Amino acid sequence: MKKSIILIIAAAALTISGCDYLLREHPETSVSTQTAYGTEEALESQIIGCYRMLGDVKLYMGHMQEEIHTASYIAAAGKNLQDNGTLSIVNLTKYTNRVYMYNLYTNLYIGVNKCNILIDNLPGSPVAQSYKDEIEGEARFLRAVLYFTLVRIYGDVPLWLHPATSQDDVYLPRAPYQKVYKQILSDLIWAEKHMRDAGRAEQIGGVGNGRVNKWAATAYKSSVYIQIACLMEFKQYQFFDYKKEGREPDFSDENPDLDIPNAKSAWRAALEACESVINSGTYMLADHYAKLFRWSEPEDWTLKERIFCLQCNDKVTGPLISLWSLPPFPEGTANTETANSNWGKFRPSRFLYQKWAETYGGTKGTSVGKNDNIYVSCKDPRFDITFIHNGYLRQDTQMTQEVYPAAARVLSHDATSFMPYFRKYLCPSFNASTGDADFYMMRYAEVFLNAAEACAALCEGPADTKWQDALGYIEVLHERARKSVGDQMPVSEYPKWEEGRFANKDELIDAIMWERHFELCGEGHEYFDTHRRGAKFMLEHICIPVNAHLQAPEQADFWANDASQQGYWSTVYYGKLAPDTIQKCRQSIICEFPEMEMRYNTAISYLDQNDYTWN
């Protein structure tokens with residue numbers, strides 16, 4: 001029978017309350033004022049429980065990285081590809097027959113339900129209304145973040161806004177994507193009006209505790225508006241057939257706060273949100289890029305660049321972002337003896353590595369026939385802060401472990417060396433299970449990137465003031481990057497965009513999108529940034545360059561060197577290439593809707609699977 005999702009939602013309710021009253025018909029009237037919602041301290045505990053759900057290994061710091069962002073050719077799967085469910089990342093998507101994908105889907109909804117339970121029980125709490133509004137604002141913010149994730153992965157999704165009180169409440173059909181986006185905006189608008197400002201948030205919760213303030217809602221609004229702008233501007237290249245009834249990306253609304261008549265208005269709204277955040281003075285870029293990923297000084301967890309972070313704790317095994325992104329026994333950590341089989345499941349792709357180095361002063365190798373045709377280093381200071389490459393000291397052997405693009409590793413089948421690793425989550429406390437490295441859901445740098453993209457979308461060409469504004473927002477990040485060098489070292493000349501670098505608007509937007517990949521590398525944006533501008537952009541700016549990269553001699557030789565191991569590791573994807581037509585790319589814009597949900601949810605049938613057939 002159809003019990004799966006019921007049990008999941010019931011488990012979420014029990015987790016947050018410790019009792020069964022939340023599954024009764026009228027939960028808001030049955031809450032004891034002396035228990036879960038009776039005091040300010042109790043409400044604080046409830047909202048912290050909502051935050052903690054987002055840090056589950058099945059979500060942003062675990063399966064989201066391994067499953068979703070590796071389907072981008074920007075990040076890559078660091079383990080062998082032994083089944084079609086995993087190999088689907090070649091098509092920049094994920095299929096439904098992956099248990100981790102269903103875990104991801106269900107845990108996103110467990111998070112939604114935790115927020116719903118809290119929101120619905122607040123009216124019955126005796127706490128002052130202003131305090132309850134602050135808590136509800138945070139809960140609505142977190143719910144918006146969760147739905148923003150769901151709708152970008154799956155398109156139409158069930159829209160639960162209240163906790164399940166009976167089996168009938170559990171079965172909901174997939175809501176149209178337009179309705180989901182409007183709900184996300186509605187929650188964010190409510191949140192930014194009622195959440196605490198930065199000063200009060202620190203007064204109540206302290207500094208560096210992972211809690212957000214009202215400006216986080218405004219910052220997230222900019223990302224939502226950009227997503228909507230892309231759906232409207234590139235509708236012929238998105239996941240829906242806009243010619244069918246109800247599928248047009250219509251975001252007009254009688255409520256002026258939600259009314260988005262066209263793509264240009266969405267871009268303007270995104271820019272206004274960015275400017276509001278910047279002008280608020282709430283946040284500040286770290287003066288050195290490395291401080292964002294140092295994880296050794298107290299200030300590293302209180303940087304004013306942090307808009308929204310998920311916290312890790314080296315005393316609790318759970319989030320696996322360090323383990324899944326690092327090599328075995330890396331220097332600079334506490335990991336000297338403990339072995340683990342999950343090293344480097346989430347890695348930077350060779351393609352990204354080469355693209356970044358080519359863009360900003362890369363140097364090619366010297367070993368003829370091995371790495372003389374590929375870049376082995378880059379002069380952008382962010383590069384070495386982001387990647388472990390060429391080699392690192394392995395503490396269990398006290399020997400240097402070579403990794404790509406070292407000459408001996410370009411054609412290697414060794415899982416520990418065939419591509420670089422991320423360095424961002426390397427922290428002194430890491431011990432092969434977890435560590436103290438937090439996960440940036442959003443940091444202030446992204447606001448500048450959003451502003452630059454919105455300006456580029458709104459400008460008419462190089463003579464437009466918005467063109468210069470876009471360049472100016474990127475230069476803020478470039479200036480910080482150039483200064484992010486070691487002590488006593490001169491400021492780098494890279495990265496920098498010289499005057500006249502871009503001939504037209506398309507070139508500028510492409511460069512801004514790559515700047516997102518460089519600046520935010522490994523921080524959970526890869527899938528969303530490669531997919532949101534639609535199939536044509538994906539084909540021209542990701543798939544065609546990726547296929548040229550995969551057919552380069554160092555890749556083609558790898559396929560031919562050992563027939564028995566042909567394409568065994570993900571760097572060559574079993575000799576397969578990226579989608580090579582707009583239609584194939586369009587089929588990859590969103591993931592298949594989970595088969596298990598169609599099987600167990602009586603309001604959804606197999607006929608409701610995403611329609612990939614229209615031209």
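A: In this predicted model, helix α11 (residues 214-233) and helix α16 (residues 444-458) have axes that come within 10 Å and cross at roughly 35 degrees. The crossing of α11 and α16 is left-handed. On the α11 side the contact is made by Ala219, Ser222, Ser223 and Ile226, which meet Glu446, Val447, Asn450 and Glu453 of α16. Sorted by class, the contact of α11 with α16 comprises 3 nonpolar, 3 polar and 2 charged residues.

Charged side chains also pair with one another in this model, where the count comes to 42 salt bridges. One of these joins glutamate 519 to arginine 382, with the closest N and O atoms 3.0 Å apart. Glutamate 519 belongs to helix α18 (residues 505-519) and arginine 382 to helix α15 (residues 381-386), so this pair ties together parts that are 137 residues apart in sequence. Glutamate 519 is buried, its relative accessible area being 0%, and arginine 382 is likewise buried, with a relative accessible area of 0%.

A further salt bridge is formed by the side chains of glutamate 523 and lysine 424, at 2.6 Å from N to O. Here the partners lie in loops: glutamate 523 in the one between α18 and α19 (526-531), and lysine 424 in the one between β9 (421-422) and β10 (439-443), so the pair ties together parts that are 99 residues apart in sequence. Glutamate 523 is buried, with a relative accessible area of 1%; lysine 424 also counts as buried, at 0% relative accessibility.

Both of these pairs have their residues in a network of salt bridges, whose members include Arg382, Lys424, Glu519 and Glu523. The network also links Glu305, Asp380, Arg443, Arg480 and Glu515.

The salt bridge between glutamate 479 and lysine 483 has another setting. Their side chains meet at 3.4 Å, N to O, and both residues lie in helix α17 (residues 465-483), 4 residues apart, about one turn of the helix. Glutamate 479 counts as partly exposed because its relative accessibility is 37%, and lysine 483 is likewise partly exposed, at 46% relative accessibility.

To return to the two helices, the left-handed crossing of α11 and α16 brings together a contact in which 2 charged residues stand beside 3 nonpolar and 3 polar ones.

Methods: Residues numbered from 1 in each chain as written. Predicted model: local features only at pLDDT ≥ 70, side-chain atom pairs only at ≥ 80, totals over all residues. Heavy atoms only, no water. Salt bridge = Lys/Arg side-chain N within 4 Å of Asp/Glu carboxyl O. Buried < 20%, exposed > 50% of the residue type's maximum accessible area, 1.4 Å probe, protein only. Axes fitted to C-alpha atoms, helices over the stretch in contact; angles between N-to-C directions. Left-handed = near helix turned anticlockwise from the far one by under 90°. Contact = heavy atoms within 4.5 Å. Nonpolar A, V, L, I, M, F, W, Y, C, P; charged D, E, K, R; others polar.
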